[in-house]
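Please look at the model below and read the report beside it, going back to the structure whenever a residue is named.

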Amino acid sequence: MLSAFPSFALSIEGQNELEKFSFFSAVNVERIEYQELANVLPVSSKTVIYNPIMRNGGVHKLSDTQLLMIESLSTIYPTRVEEQWRLNSNALVFQENSMTYTLNTKRVYYYQQVLNRLKWVSGMEYSLHSFKRFEPSSQYIDFTWDIIEETKAEIILNSGFDFDSGRLTHKNWRYYGHVLLGVPVFTRAENTQYTDLYFDNAKGYSVHANFGLSKKLTHKVHVGFLLEWDYLYRESVELTVVEPFNDEFDITTVVEYPKHITQIMRLGLNVHWAL
């Protein structure tokens, strides 16, 4: 998902002048607040994870008023956290387990210049979420598993607006950012506990926003920070499984991929350079 080399880029700034630049974030951390709210069983969980991440990408010129941005984000190493599952009725903790969460994202955005510093943005984001739950413990449950691995892939269509204060080579200080709204057009989740089941097309929405501020280091190099926030809301997906019990009766079970809310805050050191 992530190249070790920065990508070259072209950007429109000012009076339709061209400026080549790439961006690379070597020092980043993301705070993930992940919450699951089940319907079939009255239980929920809420966990906070801190992971180091890597980011790079670039913006390529399509015409005098159109750009294409390609960006990659990847978890460097997932940290281990403890997850608690509670009964919604009385907040009783009835299960605990360890957990890791890995997130890899590729973004492709199209920019159309609207005003001198304002652009309309639309594009696609592909994300792969990987969960690993292990070492379960409970006073109330006898577990039949030691490790559960879960993978969710999704494609989100985003649209919104982007702004910036000017060219890298013209500004001692430069600020930039965007605000986007998104809807998932494809989701698929699978879980090693249910090897033959796929939980597809979860409904929901996303909000994505970022803001960056950088200082000129040399004529063509800016160094600064980027703050980013993501909010992802996904409805539950329920599947009905029918298994034969004997010659006369079947057993019907409802299996749920719970409703989940993910909030991600990222903060990193960014390097932008004109070429």
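The model is a predicted one, in which local features need pLDDT of at least 70 and side-chain atom pairs count only at pLDDT 80 or more, while totals for chains, interfaces and linings use all residues. Residues are numbered from 1 along each chain as its sequence is written, and side-chain values use heavy atoms, with hydrogens and water left out.

Rings of Phe, Tyr and Trp (its six-membered ring) pair if their centres lie within 6.5 Å, and planes under 30 degrees apart count as stacked, over 60 as edge-to-face and the rest as tilted. By this rule there are 10 aromatic pairs. The ring centres of Tyr-34 and Phe-131 are 4.9 Å apart and their planes stand at 45 degrees, which means that the pair is tilted. This pair links distant parts of the chain, since Tyr-34 is in strand β3 (residues 21–37) and Phe-131 is in strand β8 (residues 118–137), 97 residues apart. Tyr-34 is buried as well, with a relative accessible area of 1%.

## The nonpolar core

A nonpolar core is a set of buried Ala, Val, Leu, Ile, Met, Phe, Trp, Tyr and Cys residues joined through side-chain atoms within 4.5 Å. The largest one has 11 residues, among them Tyr-34, Val-81, Phe-131 and Ile-264. Strands β3 and β7 (93–113) each supply at least two residues of this core, and the largest share, 3 residues, comes from β7.

Contact means heavy atoms within 4.5 Å. Leaving aside neighbours within four places in sequence, Val-81 is in contact with Thr-47, Val-48, Ile-49, Asn-97, Ser-98 and Met-99.

Glu-36 is found in strand β3 and is buried, with a relative accessible area of 4%. A polar contact (a pair of N or O atoms within 3.5 Å; within protein, one must be able to donate a hydrogen and the other to accept it, and residues adjacent in sequence count only if both atoms are side-chain atoms) of 2.7 Å joins the side chains of Glu-36 and Tyr-34.

Glu-228 has its place in strand β13 (residues 221–234) and counts as buried at 1% relative accessibility. The side chain of Glu-228 makes a polar contact of 3.2 Å with the side chain of Arg-107, and another polar contact, of 2.7 Å, joins the side chains of Glu-228 and Arg-266. Not counting residues up to four places away in sequence, Glu-228 also touches other residues, including Arg-55, Leu-73, His-208 and Ile-264.

## Charges over rings

A charge sits over a ring if NZ of Lys or CZ of Arg is within 6 Å of the ring centre and within 35 degrees of the ring normal. Lys-132 lies over the face of Phe-134, at 5.9 Å from the ring centre, and Arg-188 lies over the face of Tyr-198, at 4.3 Å from the ring centre.

## The protein as a whole

How many helices and strands are in the protein? There are 0 helices and 16 strands, where helices (H or I, at least four residues) and strands (E, at least two) are DSSP runs, numbered from the N terminus. Of the 275 residues, 45% count as buried. Among contacts between residues at least 6 apart in sequence, 66% join residues at least 24 apart.

Terms used:
Buried < 20%, exposed > 50% of the residue type's maximum accessible area, 1.4 Å probe, protein only.
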